[in-house]
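Please look through the model with the notes below beside you.

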Amino acid sequence: MIRFQKKNLLYKVYTWLPILALFISVFSEFDLNYLNIDYFSFNFPYILIFYFALKAYQKFDYFLVFLAGLFNDAVVGLPLGISSLSYILICIFATYLRNITLSPNLIKDWFYFLFIISLINSINFSVLFLFFSYELDITLFIVNNFFTFLFYIIFSIFFKRYLKSLDD
Amino acid sequence: MAESRDDFIIAIRSAFLKKSTKQKFSLLTLVFFSIFIIVLSNFNFKAITVTKSVIKEIVYRSSFIVSIPENFIKSSYLNLTEYTNFYKEFKTTKEELDQLKSENISTKIIKSENDELKSLIDGYTITSNKILAKVIVDHKSPFLKSIIINKGSKEKIKIGTNIYDRSYLVGRVIEVNYTNSRVLLLTDLNSNIPVSITPGNVQAIIVGNGDKKGEIRYIKNDLINKIDDKGIAYTSGTGSIFKSGIPVGTVDLKDENEKILINFYSDFTQLKYVFAEIDELVPTSVKTKEDDQTKVSSDTEQIKLNLISDELQILEESNTKFLEENKELNSLTNELNKQIEILKKENDFQKNLIQQYNLDQEELEFLRLNLIYSSKCQSKKLFSTGFKVGTPEYKECIMRKGKISD
């Protein structure tokens, strides 16, 4: 396990890693879809935001999440503000879950995450279709939703290890 | 019951309004802020447009920088695969180049004629200038198919500017910033392309299927049967969205769902550089119209003559090439004929040898049988049934092992 000297610059960068990962994924659209598997894609920012908002990670600034949403809209070509709204809604739902939960359970969180992303993707689809007249393929949304849900459990293992390494 | 409702309200309020020590804004503020931006971005105020443009400029450049490592890995992988197919591709490209060279000349003739006719009809000529643009961001979003190029309003790019990969249509510009612009690819679900399909000159509209192909959506039912597999689709120019006569792709009728698909000529996943076509209208002045017409026609004649002489030169070159090939083939034929004669002689000699060998074998067999059956076949007495030694009958008798025929 890598151990850092606290107050070290590298340690500070390490503590900001989730936000850095969020911005890198937003700028480079990290979703492995260049693997050229038909319909395959997943939304990494959703997983990251939900997990760290749920764990109330102190360095996870909501304003930066909001900014990441704006950048994502610019990169993908969606109307500005759509992704920001989605990201902030994820933060709200995650915070609500944290407030009502006494003993956290990964499987419950996982299914709650499915409900949240389904709801948010539905809102996104409806807004883009009804207000912005975008032609969208609903199959892509459903498949993206499904894979995001599946990948949550894998990434949560890594994120858990990351948070543990900070506690140590 | 009331208690649980209180808990719910407290949890909701806490989620929306409570700001932890490190947070600068509450989540409710950010939600309002997001909605405000969505609504605001729909208005076309200059200040908003400029702000949007600045944000996008910064984001596109940042995205380009952030994507460098990922792009490096991708391009290295592609280079590696390209090297393995290098020689094969070189050969096919060389053949294609020869063919295209000759086709290019006739295209130039048609183009010059077309320009001449257009200038006569419209009173203006469209000077199209293709500028090279680099693709700076090509993240394949599963929902929207678009790319960002490094040319913008600074280089006179407008909304609707046609974008090409070599001479094939790739898409059109849908958003212009000062130094970059977004191109909506033909594969996007929001992309509609009016096309003509040959043979049959069938008019249709191709809509991107959101993946790698296009789909023919709007076409008269009785014209569907006119479309052939591998038919060529090119832009019809209807609606003035795309210029007419640009090759788009080939018809693919092998779809399982009985949809008429289009395989685009260009591979949109491999775009690195594209061409943006900037059109400028140059009016033909009325005063000097006649002079210009004669000048244009003489220029056109000159161009045609040049092109024809070029074509002639190419034909002569290919002719000499064929003559040389012919000579080589003749000498080769002569050599082969000589070899055939030598082989024939050898064959005759070997045949003689075999024949001689067979005769010797027969003689040997006769001598062997003669020793055994000569007493049976020889005529010794006056009334015996044998034959005189040395006669063909005697030999026949010996070969039949002493049996005298009737």
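1. In this predicted model, Cys377(B) and Cys397(B) are joined by a disulfide with an S to S distance of 1.9 Å, where a disulfide is a pair of cysteine sulfur atoms within 2.5 Å. Counted by this rule over all chains, there is one disulfide. The link of Cys377(B) and Cys397(B) is left-handed, with -80 degrees about the S-S bond.

2. Because Cys377(B) belongs to helix α6 (residues 289–377) of chain B and Cys397(B) to helix α7 (residues 392–399) of chain B, the pair ties together parts that are 20 residues apart in sequence. Helices here are DSSP runs of H or I with at least four residues, strands are runs of E with at least two, and both are numbered from the N terminus.

3. Cys377(B) is buried at 0% relative accessibility, and Cys397(B) is buried at 1%; buried means under 20% relative accessible area, with a 1.4 Å probe and protein chains only. In chain A, Cys91(A) is also buried, at 0%.

4. In chain B, six strands close into a barrel in the order β6-β7-β8-β11-β10-β9, with antiparallel pairing; two strands pair if DSSP finds at least two bridges between them. Strand β10 (residues 247–252) of chain B is joined to strand β11 (residues 261–264) of chain B by four bridges, and Asp252(B) stands opposite Leu261(B) in β11(B).

5. On conventions, residues are numbered from 1 along each chain as its sequence is written, and chains are lettered from A in the order in which they are written. Local features need pLDDT of at least 70, side-chain atom pairs count only at pLDDT 80 or more, totals for chains, interfaces and linings use all residues, and side-chain values use heavy atoms, leaving out hydrogens and water.

Terms used: Buried means under 20% relative accessible area, exposed over 50%, partly exposed in between (1.4 Å probe, protein chains only).
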